[in-house]
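Thanks for coming, everyone. Please look at the screen while I talk.

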Amino acid sequence: MNNMANDEGLVDEFEKLENQKKEIEEKETELKKKIIELARKNNVEVLFGSNKKCSVKEYEKIIFP
């Protein structure tokens with residue numbers, strides 16, 4: 001008995017989306033770093049884009065074991 005079936009490209013499509021998601025998340029992380037650097041460089045807490053603003057606030061994070 002064969003428990004495998006043709007996926008009609010669904011598995012490949014899913015893999016493609018997973019890869020795109022990873023690339024987007026990496027790009028998002030890099031952009032966040034650049035936004036923080038720019039805010040620090042200009043000593044501001046808000047950066048403005050064409051249609052959106054971004055608040056950048058520094059805070060201490062306490063982690064308990």
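I will go from the overall fold to single residues.

First, the ground rules. This is a predicted model, where local features need pLDDT of at least 70, side-chain atom pairs count only at pLDDT 80 or more, and totals for chains, interfaces and linings use all residues. Residues are numbered from 1 along each chain as its sequence is written, and side-chain values use heavy atoms, with hydrogens and water left out.

Now the fold. The chain has one helix and two strands. From the N terminus on, the order is α-β-β. Helices here are DSSP runs of H or I with at least four residues, strands are runs of E with at least two, and both are numbered from the N terminus.

How does the chain's radius of gyration stand against that of a compact globule? A compact globule of 65 residues would come out near 11 Å, but this chain has 21 Å. That radius is taken over C-alpha atoms, and the globule rule is 2.2 Å times the number of residues to the power 0.38. Along its principal axes, the C-alpha trace spans about 65 × 40 × 15 Å.

Next, the surface. Of the 65 residues, 5% count as buried. Buried means under 20% relative accessible area, exposed means over 50%, and partly exposed lies in between, with a 1.4 Å probe and protein chains only. The accessible surface of the chain comes to about 7,100 Å². Carbon and sulfur atoms hold 52% of that surface. These areas come from the Shrake-Rupley method with a 1.4 Å probe; for residues, only the protein chains shown count as cover.

On to charge. There are 13 positive and 15 negative charges, and their mean positions are 10 Å apart. Lys and Arg count as positive, Asp and Glu as negative; His and the chain ends are not counted. Each charge is placed at NZ of Lys, CZ of Arg, CG of Asp or CD of Glu.

Where does negative charge gather on the surface? Look at D12, E13, E15 and E18, which form a negative patch. Patch residues have over 30% relative accessible area and no salt bridge, with like charges joined within 9 Å and nonpolar side chains (Val, Leu, Ile, Met, Phe, Trp, Tyr) within 5 Å. E13 sits in helix 1, residues 10-42. E13 counts as partly exposed because its relative accessibility is 42%.

How many salt bridges does the structure hold? One. The side chains of R40 and E58 make it, at 3.8 Å from N to O. R40 lies in helix 1 and E58 in the segment after strand 2, so the pair ties together parts 18 residues apart in sequence. A salt bridge means a side-chain nitrogen of Lys or Arg within 4 Å of a carboxyl oxygen of Asp or Glu. Both R40 and E58 are exposed.

N43 lies in the loop between helix 1 and strand 1 (46-48). N43 is not a glycine, yet has a positive phi of about 55°. N43 is exposed, at 71% relative accessible area.

K52 is in the loop between strand 1 and strand 2 (53-55). K52 and I63 are 11 residues apart in sequence, and their C-alpha atoms are 31 Å apart.

Last, K21, in helix 1. K21 is exposed, at 53% relative accessibility.
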